[in-house]
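Morning, everyone. Have a look at the model first.

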Amino acid sequence: MDVLNALVLLSNFVLLPAVSYGSQLALGALGITLIYGILRFSHFAHGDVMAFATMTVILVTWWLQGMGVSIDPLPTALLALPVGIAITALLLLGTDRVVYRFYRRVRAAPIVVVMASLGVMFVLNGLVRLIIGPDDQYFADGARFLFTVREFRDYTGLEEGVGLRVSQLITIVVTLVVVAVLFWFLNRTRIGKSMRAFSDNEDLALLSGINPERVVTVTWLIVAVLVTVAGTLYGLDKSFKPFTYFQLLLPMFASAILGGLGNPLGAVAGAYVIALSEVGVTYAFRKFLQYLLPESLEPSGLAQLLSTDYKFAVSFVLLVLVLLFRPTGLFRGQSI
């Protein structure tokens, strides 16, 4: 029974939050790896594009709530997602036309485009703070829990319980659907195959008659979907704060690099590794160990390796280790 309680405790505080958080990181990391694999630069404005997209969803959600529109028990933000995706797509396509297209035409070095994306990052960062403010914004409504810890304990008779939030379930299900559709699109559709060919060999793809501007446009449209969904799911699960989304750039890049920058499958796998590492290293294992160890060996402290304040340091350490010892990542190289 103690082992079951320990496993349930671990599931509630480590495994379930890590899977939910990893799903959100996976969508963001997929956007980074698509941009790198097809457009061939690291998009440092990715976190702030996500913040802009989520802000748009929040504003539309508030408008719908003010109109009395609801899809209880699900959050109203799901209705606002298509509008957020459309506006974010316009933002990305406009940014590409105004900023990035010039660098493609002159075949600028990737580092030059990276510096341009830094400029875009600062502009978006200021714009989001100007419109919605720098503070936390909560926009989740509908049912909070599918089942609570108390309900789980009453049903199973265990001392510990698992509580499943609706936002966590939505995150996991939506991520599975989006990732499955994306992989089907890249492997089965004509434009998806064109994107992969463009990623593998740009010159050969151009000789084959592939329209590069169409590939670029579709790439930004896919990225708009990924960042809007990822940002909204993260905001529903936790809260929205512009600076937090800026901080998410580090674990998203760490996920993409850990899996092999440019490899979509690697980005997904890397995201779950990063999420499990961040949640696991910052969790206090004292109660978990009390269930498994004899009383004489029980820890006197929290048995916590790092405070939650240093969660993003875990991503940084893993990123450094990967760059030092396996720079090609888990799945080696670029393979859209």
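A crossing is left-handed if the near helix is turned anticlockwise from the far one by less than a right angle, and right-handed if clockwise. This is a predicted model: local features need pLDDT of at least 70, side-chain atom pairs count only at pLDDT 80 or more, and totals for chains, interfaces and linings use all residues. Residues are numbered from 1 along each chain as its sequence is written, and side-chain values use heavy atoms, with hydrogens and water left out.

First pair. H6 passes H9 in a left-handed crossing. Helix H6 covers residues 166–188 and helix H9 residues 212–237; they pack at about 170°, axes 9 Å apart. Contact means heavy atoms within 4.5 Å. H6 brings residues including Val 174, Val 178 and Phe 185; H9 brings, among them, Ile 222, Leu 226 and Asp 237.

Second pair. Helix H2 (residues 46–66) and helix H3 (residues 77–105) cross at roughly 140°, their axes coming within 8 Å. That makes H2 oblique to H3. The crossing of H2 past H3 is right-handed.

Now the loop. Where does Glu 160 lie? Between helix H5 (149–156) and strand E2 (164–165). Glu 160 is buried, at 8% relative accessible area (buried means under 20%, with a 1.4 Å probe and protein chains only). Beyond its neighbours within four places in sequence, Glu 160 touches residues including Asn 5, Phe 152 and Tyr 291. Lys 287 is another of its contacts.

Key:
Axes fitted to C-alpha atoms, helices over the stretch in contact; angles between N-to-C directions. Helix = DSSP H or I, 4+ residues; strand = E, 2+ residues; numbered from the N terminus. Parallel < 35°, antiparallel > 145°, perpendicular 65-115°, else oblique. Buried < 20%, exposed > 50% of the residue type's maximum accessible area, 1.4 Å probe, protein only.
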